[in-house]
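This briefing is intended for a reader who is meeting the structure for the first time. Please keep the sequence and the 3D view at hand while reading.

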Amino acid sequence: GTPVTNTLVVPLELAHFSEIQVATNQLLALAARVSGGNPNAALVKSGPGTLGMTGTNTFESPLIISNGYVRVNNGTALGNPTNTVRFVCTVNPADNWNERGFLYFTDAVATNSRPLIFDSAVYFIGQIFPKNGTLVLNGKVTFYGGGRIDNQGTLVFRGGFWCANVDPWLQTMGGNIMRFEELPLDMGTHPVPIDNGGVFQVSATNNTWSSISLSSGTFLCGAENVMPTNAFVSFGRSWTQTGFVDLNGFNQQQKYLTYSAGSTSVTNLAVKSATPATLTLQGDSSARPFIGYFSGKVSLRHRNSGTLAFTSAQSASTTTGDLLVETGTVSFAQGATWTGSTNVTVTGGTLSIDGGTGATFGGSSAATNVTRLHLTSAAHVNLAAGVTDYVRAATLDGKHLSVGSYGSTSSSAQNKSALFTGTGVLYVLRSEIRGTLITVK
């Protein structure tokens, strides 16, 4: 039922160690200023009921929430800006998908500068401010357990985020955003799990995590190199069909891209950017199948000694950015395509069309092909049996190749070269050799 409200309208001065116990179905509202206290003596909130505080309080005791709830209008209600707020609660709400968290900010726009520390026994953090509201956390947030945050508004972390012991569960609902600014995220060897369709934006640099685990939603880059270079991105889960990495115009480097084995029916797993940006893959030697795609104006630079294998028709990349193969192999099979780029450059390693209906890096339409293929003497192009591919133009070591067909010494191509393997054929449609036009009248 509705909690019984008890209001204290006179100022409250804390002495040393203090405990406020609120019983079940009770709300104790401290309507006047709370002062006093001691940085070495905690104020403990106990009991399953709710403690409410408002206004600008000056007490200097750290706050420990051992049970029940604390409701404040803004961070100023939590006393001195140096106070820590520690959660040691062991009893989660009975319906923790819908109830608010142990600490709740009631203002539609709220700011808190005090560090928040969640002990290992705390699992549910929940929605800690009003839906569609804004909460800015300027103090450091520390997770010793795998707590779940439910964000249905704009939640901003500026004081740093630490969760190096276990995986947290970071949920932002569709149409909402969780932002990390100024100070970094430290997840240790654990992933960043992103779920429920919203936006997870990182503008802080020097972050640490093992991977980005996109159950759904968008990882949005807010600066260059926000993604740790020794991490990777895993797309999809068995229960979701969407996941996006948006470079947002900022270059990033990762070890590799992969996807969940349970997400084979996924139709939207994309790396994208509306403005030019490059994703570099470097530091991995394994073969990595990938059923996602690249869109917008994002470029892909492959520096791995292993293989990035686009393996299905779902990998229909339309980006106008470049494909740059410097080492290792980038391959296309079973309908995977890369048809929007004007420049595909192979300076080392192998560009491979492994076969299957529709697989192409240049586009199967000679009439609309825009791809220019640039090769060096250290490059290789593999064209599997039965493959016929097209490029608008091609160069080798900076020199334009003439119009015609190209392939391996065992192919039927007009121009045979050791740079090619397999028995497929590549057609160069234009030479684009510059010359002089003389008109005779």
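Val 202 stands opposite Cys 221 in strand 26, where a strand is a DSSP run of E with at least two residues, numbered from the N terminus. The model is predicted: local features need pLDDT of at least 70, side-chain atom pairs count only at pLDDT 80 or more, and totals for chains, interfaces and linings use all residues. Residues are numbered from 1 along each chain as its sequence is written, and side-chain values use heavy atoms, with hydrogens and water left out.

**Strand 26 and its partners**

- Strand 24 (residues 199–202) and strand 26 run parallel and are joined by four bridges; two strands are said to pair if DSSP finds at least two bridges between them.
- Strand 26 also pairs with strand 28 (residues 242–246), in the parallel sense and over three bridges.
- Strands of a sheet pair through backbone hydrogen bonds, either parallel or antiparallel.

- Four strands form an open sheet in the order 43-49-46-47, with mixed pairing.
- Strand 43 (388–391) and strand 47 (415–416) are the edge strands, each pairing on one side only.
- Strand 43 runs parallel to strand 49 (residues 425–428), and four bridges join the two.
- Tyr 390 stands opposite Tyr 427 in strand 49.

**The chain as a whole**

- The chain contains zero helices and 49 strands; a helix would be a DSSP run of H or I with at least four residues.
- The radius of gyration of the chain is 29 Å, whereas a compact globule of 441 residues would have one near 22 Å; the radius is taken over C-alpha atoms, and the globule rule is 2.2 Å times the number of residues to the power 0.38.
- The C-alpha trace spans about 100 × 45 × 35 Å along its principal axes.
- Of the 441 residues, 53% count as buried.
- Among contacts in the chain with a separation of 6 or more, 47% come from residues 24 or more positions apart; contact means heavy atoms within 4.5 Å.
- The accessible surface of the chain comes to about 17,900 Å², and carbon and sulfur atoms hold 51% of it; the areas come from the Shrake-Rupley method with a 1.4 Å probe, and for residues only the protein chains shown count as cover.
- There are 25 positive and 22 negative side chains, and the centres of the two sets lie 9 Å apart. Lys and Arg count as positive and Asp and Glu as negative, while His and the chain ends are not counted; the place of a charge is NZ of Lys, CZ of Arg, CG of Asp or CD of Glu.

**Ile 65**

- Ile 65 lies in strand 8 (residues 63–65) and is buried because its relative accessible area is 0%.
- Ile 65 and Lys 45 are 20 residues apart along the chain, yet their C-alpha atoms are separated by 4.9 Å.
- Leaving aside neighbours within four places in sequence, Ile 65 is in contact with residues including Lys 45, Val 70, Phe 87, Cys 89 and Leu 103.

**Residues in loops**

- Lys 140 is placed in the loop between strand 15 (134–137) and strand 16 (141–143), and its relative accessible area of 40% makes it partly exposed.
- Beyond four places in sequence, Lys 140 is in contact with Pro 115, Leu 116, Gly 159, Gly 160 and Trp 162.
- Lys 140 and Leu 183 are 43 residues apart in sequence and 8.7 Å apart in space, C-alpha to C-alpha.
- Ser 312, in the loop between strand 34 (307–310) and strand 35 (316–317), counts as buried because its relative accessibility is 16%.
- Beyond four places in sequence, the contacts of Ser 312 include Ile 291 and Gln 334.
- Gln 334 lies in the loop between strand 37 (329–333) and strand 38 (337–338). Gln 334 is exposed, with a relative accessible area of 52%, and its phi is near 50°, a positive value in a residue other than glycine.
- Asn 25 is not a glycine but has a positive phi of about 65°. Asn 25 is found in the loop between strand 3 (18–21) and strand 4 (26–30) and is partly exposed at 34% relative accessibility.

Definitions and conventions: Buried < 20%, exposed > 50% of the residue type's maximum accessible area, 1.4 Å probe, protein only.
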